[in-house]
Amino acid sequence: MTAAAYRLFWAGVGEHFPDLGGAVSTEYYAANERRLFTDHFPCLEGLRILKTDLWDEAKNTRILVWASRRGASAHGIDISTPTLVLARAAFDRSPRGGSRLKSAVADVRALPYGNDSFDAIYSMGTIEHFDDTVGAVVEMARVLKPGGRAIIGVPNRHDPFLRPLLAATLQAVGLYGYGYEKSYSRRGLRKMLEDAGLEVVAETAILFIPGWLRMLDLACHSWCRPLAAVTGALVRPFIFLDRHVPALRRHGYMLATIVTKPARPPS
């Protein structure tokens with residue numbers, strides 16, 4: 001896919017994809033993200049954080065809105081102008097304050113920021129949608145401050161519920177709403193991050209739930225709301241397991257690897 005076609009595809013997604021907020025599986029997703037922030041980022045007050053796409057803010061968990069309410073300075077980029085506009089609106093509608101979103105239409109493979117610009121970076125479900133994933137990781141490492149932390153999330157190739165197989169099948173028949181997507185092993189993700197000069201400090205995952213159930217819950221929430229009560233009830237046992245059996249979190253369908261940028265030795 002050419003760069004122009006890639007931008008056009010994501011502009012269409014941002015313009016036409018339904019809002020996923022309010023679905024039971026989205027609340028589960030949001031709770032997982034909040035736990036990642038709480039467990040692996042320093043105090044959010046005054047933290048300058050970059051998010052490498054604004055899909056969540058426009059259509060999903062609104063995680064940056066949550067962080068900004070706790071004092072974070074929220075920055076974000078997205079390749080889709082409609083998505084960015086919706087993300088800004090989500091911040092403007094926030095009833096409990098927080099800083100305004102500082103955002104730009106940009107590609108994660110060419111970030112419009114100087115070296116060592118951010119205390120933290122959050123990239124969940126961004127870099128698996130194009131071939132030059134390595135270039136995106138190198139860019140994130142460049143703009144992260146020495147001693148800063150990043151959480152990098154990609155689809156788990158070894159998901160016990162075989163979500164990568166489902167995604168590949170839907171892609172093959174043109175029914176996958178997120179276009180091109182690839183998955184990673186934990187080892188492969190670790191190597192890619194370390195090759196970019198980052199140091200892995202923790203490895204976990206989010207969304208221990210069958211991918212088909214998440215998709216079905218979102219479809220019912222968006223287009224057949226009465227059935228969302230049924231799919232929501234099917235999601236809740238996985239929420240219970242996530243809360244009470246922490247060992248299962250590692251097997252979620254989105255890997256989440258936490259890295260730091262080593263401090264430079266004194267010259």
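Predicted model: local features only at pLDDT ≥ 70, side-chain atom pairs only at ≥ 80, totals over all residues.
Trainee: How many salt bridges does a search of the whole structure find?
Mentor: The search finds 15 salt bridges. One of them joins the side chains of Asp-19 and Arg-62, with an N to O distance of 2.7 Å.
Trainee: Where in the chain are Asp-19 and Arg-62?
Mentor: They lie in distant parts of the chain, 43 residues apart. Asp-19 is in the loop between helix H1 and helix H2, while Arg-62 is in the loop between helix H3 and helix H4.
Trainee: Is Arg-62 buried or exposed?
Mentor: Arg-62 counts as buried because its relative accessibility is 18%, which falls under the 20% limit. Asp-19, in contrast, is partly exposed at 37%.
Trainee: Changing topic, which residue meets Glu-194 in a salt bridge?
Mentor: That is Arg-190, at 3.1 Å from N to O. Both residues belong to helix H8 and are four residues apart, so about one helical turn separates them. Glu-194 has a relative accessible area of 38% and is partly exposed; Arg-190 is partly exposed too, at 29%.
Trainee: And what does Arg-190 form with Glu-203?
Mentor: A salt bridge, in which the closest N and O atoms are 3.2 Å apart. Glu-203 lies in strand E6 and Arg-190 in helix H8, so this pair ties together parts 13 residues apart in sequence.
Trainee: Which residues do salt bridges with shared partners join into one network?
Mentor: Lys-51, Asp-53, Asp-56 and Glu-57 are joined in that way.

Conventions: Residues numbered from 1 in each chain as written. Heavy atoms only, no water. Salt bridge = Lys/Arg side-chain N within 4 Å of Asp/Glu carboxyl O. Helix = DSSP H or I, 4+ residues; strand = E, 2+ residues; numbered from the N terminus. Buried < 20%, exposed > 50% of the residue type's maximum accessible area, 1.4 Å probe, protein only.
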